[in-house]
Amino acid sequence: MKKTISKLLGSVFLASLVFTTSCSSDDDSSSDVDDSTFVLERDNLQGDINNGEVILESGTYKLTGKLIVNAGAKLTIKEGVKIEATSVASSDFAAVRYIAVAQGGQIDVKGTASNPVVMTAATQTPGAWGGLVVCGKAPINKGITASAEVSDLTYGGNEPNDNSGSIKYLRLEYTGFAYNSEKEFNGLSLFGVGNGTTIEYVQSYEGSDDGFEFFGGTAVAKYLVVSNFSEQVGDDMFDWTEGWSGAGENWFGIRSNAGNRGIEADNNSNNHLATPISNPTIKNLTLIGLGAADTSSETQAIKLRVGTKAKFDNIVLSNWKTGFDVQHDESLGYVTAGSLMATNVKFDNITKLSSGKDTAGTAVDVSAMYTVNENATGAGNGTAKPTWANGWTIGL
């Protein structure tokens with residue numbers, strides 16, 4: 001009799017355990033549970049997400065103000081979702097539309113090659129809205145932490161592996177809202193973002209400021225596209241500063257307007273030797289400019305200054321007046337030391353392959369920084385659209 005009762009109790013316990021485990025597994029595997037207190041309105045997307053996960057499922061959402069993903073919260077955007085910033089007067093700074101991820105917050109953009117996520121604007125002109133801002137806890141050289149020039153959120157810290165989420169197959173259109181000439185949004189602004197964050201297959205289309213800018217951090221970004229064709233002049237395609245020491249792979253930039261450089265690269269304009277020193281590795285890069293028709297003063301494919309280091313490999317530069325432009329004693333010293341260099345470079349219709357100038361303004365020969373390879377493929381297909389850009393990009 002004792003054995004029978006024991007077996008019965010054991011069976012009840014086992015059944016209870018299986019039931020409990022099954023329920024727990026179901027809860028953990030559900031990706032569609034919206035457990036945030038944030039009130040999601042399709043035609044009025046704005047405010048602070050302070051907890052849980054907010055999921056944008058399908059169709060179009062109207063961005064009517066700033067949307068902030070705070071620490072402990074997550075914003076998930078599923079494939080095919082369109083976020084459209086509503087129109088705002090250029091002088092209405094308090095009402096600017098943008099999306100920002102604060103330190104400790106997460107974003108998960110789940111676009112696909114055939115069905116990307118699109119962040120755009122009702123007014124389809126460059127500078128119509130802010131763009132996407134991500135703030136992480138990775139090291140910067142502006143201080144231990146700092147306040148982002150757009151969004152005023154804190155960024156920086158001592159966590160190089162910090163993870164702000166995942167961004168895949170995203171198209172950013174008509175970004176670059178400007179508060180003034182010194183303070184304006186980029187397409188994607190990465191402030192102290194760590195290398196635990198995934199950034200792949202992102203296009204900045206017709207933005208009025210930089211397509212992508214790295215403010216310190218250790219972020220690794222792959223398969224990026226910048227395309228500017230509007231008569232409204234844009235700024236640089238790619239930009240880094242404040243000690244970015246991450247990596248870039250497969251970048252394609254093209255413009256047919258009189259914008260600025262393909263890459264503007266800095267360390268720290270106030271202290272050229274501030275650490276960590278900007279020192280990214282860039283592989284498989286194509287930059288295409290306007291060529292002889294460009295009458296602007298900044299027509300360099302790649303401008304390296306104020307103490308940045310970098311290593312480039314497999315580069316195609318086409319239609320620029322100057323290929324590499326290196327400035328200031330510190331960056332020139334890195335050329336000599338071999339820590340600022342470019343290997344396997346193909347120059348196509350470049351008026352002057354390289355230019356150098358020390359801090360005093362004296363010309364310096366920097367041709368030793370690069371090696372030429374006429375078979376370089378750049379982003380994958382020379383000056384033509386790379387195959388990895390098929391399906392999810394526009395305007396190429």
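Let's start at G338, which follows directly after helix α2 and takes a positive phi of about 85 degrees. Helices here are DSSP runs of H or I with at least four residues, strands are E runs of at least two, and both are numbered from the N terminus. Before going on, note that this is a predicted model, where local features need pLDDT of at least 70 and side-chain atom pairs count only at pLDDT 80 or more, while totals for chains, interfaces and linings use all residues. Residues are numbered from 1 along each chain as its sequence is written, and side-chain values use heavy atoms, with hydrogens and water left out.

Now step back into α2 itself, residues 329–337, where S331, L332, Y334 and V335 are buried (under 20% relative accessible area; exposed is over 50%, partly exposed in between, with a 1.4 Å probe and protein chains only). Down the axis of α2, these buried residues fall within an arc of 155 degrees, so they line one face of the helix; the arc is taken from the directions from the helix axis to the C-beta atoms. T336 and A337, on the other side of α2, are exposed. The buried residues pack against β23 (300–304), β24 (310–327) and β25 (340–357).

Our next stop is T286, in strand β22 (residues 281–288). T286 is buried, with a relative accessible area of 0%. Its side chain reaches the backbone nitrogen of A379 at 2.9 Å and the backbone oxygen of G382 at 3.0 Å. Neighbours within four places in sequence aside, T286 is in contact (heavy atoms within 4.5 Å) with residues including W251, F252, G253 and V316.

Technical notes: Polar contact = N/O pair within 3.5 Å; in protein donor to acceptor, adjacent residues only side chain to side chain.
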